[in-house]
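Have the sequence and the 3D view open as you read.

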Amino acid sequence: MARKDVASMFAVALFIGAFASVPTSVQSIGVCYGVIGNNLPSRSDVVQLYRSKGINGMRIYFADGQALSALSNSGIGLILDIGNDQLSNIAASTSNAASWVQNNVRPYYPAVNIKYIAAGNEVQGGTTQSIVPAMRNLNAALSAAGLGAIKVSTSIRFDAVANSFPPSAGVFAQSYMTDVARLLASTGAPLLANVYPYFAYRDNPRDISLNYATFQPGTSVRDQNNGLTYTSLFDAMVDAVYAALEKAGAPGVKVVISESGWPSAGGFAASADNARTYNQGLINHVGGGTPKKREALETYIFAMFNENQKTGDATERSFGLFNPDKSPAYNI
């Protein structure tokens with residue numbers, strides 16, 4: 001998760017704490033499984049923890065053979081990332097994409113329920129030009145291998161959307177995203193979006209209330225352009241992504257929240273109480289969708305564990321639902 005201290009930038013990660021109370025209308029609430037730590041449980045222990053807590057979705061950030069093997073026959077739906085450092089190679093030729101599929105998908109699927117392949121996460125700079133060619137080559141490789149049921153997308157940082165307030169004004173900030181959106185429309189794949197109200201609130205607490213950022217009552221914001229009323233920042237952010245998709249000519253593309261969460265320590269407003277309030281609110285909320293799209297919103301909470309070797313702000317090491325010893329970071 002790359003971070004910038006910009007009020008309009010938000011990344012996404014979903015949190016699952018009250019696993020037994022996840023609304024039945026939500027088809028998938030998952031948790032992102034990061035491994036940037038030197039004290040984390042084994043891959044097999046992690047998969048068992050997911051299963052014991054009833055977590056039916058996982059995201060991993062590279063083709064981790066040990067994790068993929070551990071997921072076999074678990075029934076857990078998976079977002080499988082391709083690292084940003086591999087995008088240019090896969091974009092270069094269909095044969096490179098075919099090799100990646102043969103090495104990292106075919107040995108595991110369908111025993112591992114790979115739902116989406118993310119061609120990069122929060123890609124920045126010149127590498128963005130590799131996203132669409134990589135997606136096209138991966139689609140061709142999967143189709144040739146008889147694996148066309150697996151959808152290919154990319155995971156965006158929220159600042160890929162400009163003019164995000166009011167939500168109806170949302171538009172993609174760079175032209176490559178129009179090509180991404182139209183490719184997704186042609187394949188039926190969703191756009192993966194990392195959405196973090198925490199960073200918006202942290203960077204602008206004067207104009208954004210904590211209640212609005214954490215699904216608590218007390219704030220209503222009306223979009224004058226379409227008449228919709230927003231009572232949570234999360235909804236406003238997601239609907240700005242939908243608005244951007246519409247303006248890109250891809251109104252039918254669904255959004256999957258590939259990351260969302262709130263840190264429990266390490267910085268402004270980062271506390272166990274706020275993390276508990278946000279993540280429980282998220283779990284309770286996404287089954288009903290957003291004001292613009294009243295349908296269940298597939299969501300992945302960031303992250304399963306506090307990861308002690310993550311760099312950047314101290315909060316980056318405190319997004320976990322669990323400690324490395326598998327005890328809850330806080331009770332939900």
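Predicted model: local features only at pLDDT ≥ 70, side-chain atom pairs only at ≥ 80, totals over all residues.

Let's start with helix H1, which spans residues 43-52. Four of its residues, Val46, Val47, Leu49 and Tyr50, are buried. Why do they sit on the same side of H1? They cover an arc of only 155° around the axis, so they end up on the same side of the helix. The cover over these buried residues includes strand S1 (29-32), strand S2 (57-60) and helix H2 (65-70). After H1 comes Gly54, and its phi is positive, near 70°.

Now for the inside. The largest nonpolar core has 109 residues. Val105, Leu138, Phe172, Leu191 and Phe234 have the most contacts inside it. Which helix gives the most to this core? That's helix H9 (residues 233-247), with 10 residues.

Leu191 turns up again in strand S8, which covers residues 191-194. In a regular strand the side chains alternate between the two faces of the sheet. S8 has both faces covered: Leu191 and Ala193 are buried on one side, while Leu192 and Asn194 are buried on the other.

| S11 (residues 255-259) | parallel, four bridges | Val256 |

Is Thr127 buried or partly exposed? Its relative accessibility is 30%, so Thr127 counts as partly exposed. You'll find Thr127 in the loop between strand S4 (113-121) and helix H5 (131-144). Thr127 and Ser88 are 39 residues apart along the chain, yet 7.1 Å separates their C-alpha atoms. Leaving out residues up to four places away in sequence, Thr127 touches Asn84 and Leu87.

Asn137 is located in helix H5. Because buried means under 20% relative accessible area, Asn137 counts as buried at 11%. What does the side chain of Asn137 reach at 3.5 Å? The answer is the backbone oxygen of Ser93.

Definitions and conventions
Residues numbered from 1 in each chain as written. Heavy atoms only, no water. Buried < 20%, exposed > 50% of the residue type's maximum accessible area, 1.4 Å probe, protein only. Helix = DSSP H or I, 4+ residues; strand = E, 2+ residues; numbered from the N terminus. Arc of directions from axis to C-beta. Contact = heavy atoms within 4.5 Å. Core = buried A, V, L, I, M, F, W, Y, C linked by side-chain atoms within 4.5 Å. Pairing = 2+ DSSP bridges. Polar contact = N/O pair within 3.5 Å; in protein donor to acceptor, adjacent residues only side chain to side chain.
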